[in-house]
Amino acid sequence: MFVLDHRCITKDENIYYSCDWIEHGLVFFPSKIALCCFTGEGEKSHTLIQDNFNGNNFNIDRINIIRNKFRYFHKKGKIHTNCINCPNLKLEAWDERNYIDCLYLSHWINCNSKCIYCYSINHPESFSNNSYKVLGIIKKLLNDGVLKRNSKILFGGGEPALLDEFDDLISFFIDNGFLDIRVHSSGIKYISSLEKGLKEGKIHLTISVDSGSSEVYQRIKNIPCYEMVIENIKRYSSNKMINGESNVSAKYIIIPSINDSKDEIEKWIMANKEANLSFTILDLEENWFLKNKNKIPEKIYDLLKYAKMRSEELGTHFELYERIKRLLD
Ligand code: SF4
Ligand code: SF4
C-alpha cells in the first residue's frame, strides 16, 4: 500500500525518494521473493514481489512491473508503507533502467545455531523448510544482462554451511568476476570453499559471536560451540588478502540485559585481536531496537562508544550495522 508522505513530495519527478533495493534489488526468501530484506514499520512485512515462490515460477517481467509501480507512486510522494521512515530512503535522480545490482540470498532457514533473537525461532509458522535452487535463475539473469557483475551479493539465511548449493554458488560468483560477496555464518562449521574468495578480497565473511565467553555464548545461542567458533574464526582469518588484512568480522549483537556489559564487550574485542581480525561489527537486537529506538538508554551509547574506542586503539576497522549508524553520528 502506498500513502502520501508530505515530506517526500518533490518538485521534479525525476528526483524522488527511493532506495538501492527498490531500484535494483532482489531478495530470495523461503517461499517468496521481495525487493529488500527489511521489515518496515508499517505492515511489518517485506516489500513483497511474489508469494508462493518455488524457484520454478520466476518471472523477471513481474519484478519490473512492481519496481515501476514503486517508482510511479514514490515520484508522487506516495510512499510504500514498509518504506516510510526507512533510513535507506533517499532523494536522488535514480537510474530507472531495470537491472539488478543488489542480490540477497536468504531462501533457506536450516541452521546449526539457535539464537534467542532469531526470527525463525519466534515465527516457525512463517517458513517452509523446502528451500528451492537459485543457481539456474542467477545464471540466466547474468546471461541476459539483468544481473550486473558489479552487484553486491549477500548471503543471509540460514547457515550457508548447510545450504546444498552454497559451494556451487560461491564458485559461480568468483569465477564470473563478482567482487563484492558478503556471507553471514554462525561459524560453527568451517566452509573451505570461502578460502579462495577471502584471499582474493572478493568475499567478506561475518561470523555471529555476540559474546566474549562461552557462558554468554551458550545463553544466546543455546549451543556449546564458543571455542569451536573462535578456532574457525582464526582459521578463516589466516586467509589474508594481499594487503595483509583478513576480510573477516566477528559480529556482536547487543542484547540488553544479556550481553550489554563492558566486560563482555572487552573480552569479545580481545578475542578478535587474538584472532587477527581486521574488522569489528556491532548491532542492537532488532526487536529491542524497534521498541526503543526513540529512547535508547545512555548505557547503550556508552557501550557503542567504548567498543569503537577500543577497536580503534587495537587497529581494527569498526562498523555499526546500517540501521544504527546514526547513533554515533
Ligand atoms: S526504503 Fe527501506 S523498506 Fe523500502 S525497499 Fe528500500 S530498504 Fe526496503
Ligand atoms: S545464526 Fe542466524 S539463522 Fe542461525 S539461529 Fe542465529 S540468527 Fe538464526
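Here is a short exchange on ligands, helices and loops.

Visitor: Welcome me in, then: which residues come nearest to ligand 1?

Guide: Happy to, with one reminder that this is a predicted model. The shell around ligand 1 has nine nonpolar, four polar and no charged residues. Of its 13 residues, the ones that come nearest are Cys19, Cys36, Cys83, Cys86 and Asn88.

Visitor: And how many charged residues are in the shell around ligand 2?

Guide: The residues around ligand 2 include Cys111, Cys115 and Cys118, along with Ser113, Ser120, Ser186 and Ser208. By class, the shell has three nonpolar and six polar residues, and the number of charged ones is two.

Visitor: Now the helices: are α9 and α11 roughly parallel or roughly antiparallel?

Guide: Helix α9 spans residues 262–274 and helix α11 spans residues 298–313, and their axes are 10 Å apart. The two pack at an angle of about 25°. Angles under 35 degrees count as roughly parallel, so α9 and α11 are roughly parallel.

Visitor: Is their crossing left-handed or right-handed, and which residues of α11 take part in the contact?

Guide: The crossing of α9 and α11 is right-handed. By class, their contact has five nonpolar, one polar and three charged residues. From α9 come Lys262, Ile265, Glu266 and Ile269, and these meet α11 at Leu303, Tyr306, Ala307, Arg310 and Ser311.

Visitor: Let's turn to backbone angles. Is Ser31 buried or partly exposed?

Guide: Most residues other than glycine have a negative phi. Ser31, which is not a glycine, has a positive phi of about 55°, and its place is in the loop between β3 (25–29) and β4 (32–34). Because Ser31 has 19 C-beta neighbours inside 10 Å, it counts as partly exposed.

Visitor: What about Asp210, buried or exposed?

Guide: Asp210 also sits in a loop, the one between β11 (203–208) and α7 (214–221). Its phi is positive, about 60°, although Asp210 is not a glycine. The cut-off for burial is 20 or more other C-beta atoms within 10 Å; Asp210 has 25 such neighbours and therefore counts as buried.

Visitor: One last stop: how many Å apart in space are Leu179 and Leu290?

Guide: Leu179 lies in the loop between α5 (166–175) and β10 (180–185). With 16 other C-beta atoms within 10 Å, Leu179 is partly exposed. Leu290 is 111 residues away from Leu179 in sequence, and their C-alpha to C-alpha separation in space is 33 Å.

Methods
Residues numbered from 1 in each chain as written. Chains lettered and ligands numbered in written order. Predicted model: local features only at pLDDT ≥ 70, side-chain atom pairs only at ≥ 80, totals over all residues. Near = placed C-beta within 6 Å. Nonpolar A, V, L, I, M, F, W, Y, C, P; charged D, E, K, R; others polar. Axes fitted to C-alpha atoms, helices over the stretch in contact; angles between N-to-C directions. Helix = DSSP H or I, 4+ residues; strand = E, 2+ residues; numbered from the N terminus. Parallel < 35°, antiparallel > 145°, perpendicular 65-115°, else oblique. Left-handed = near helix turned anticlockwise from the far one by under 90°. Contact = placed C-beta atoms within 7 Å. Buried ≥ 20, exposed ≤ 12 C-beta atoms within 10 Å, placed from the backbone.
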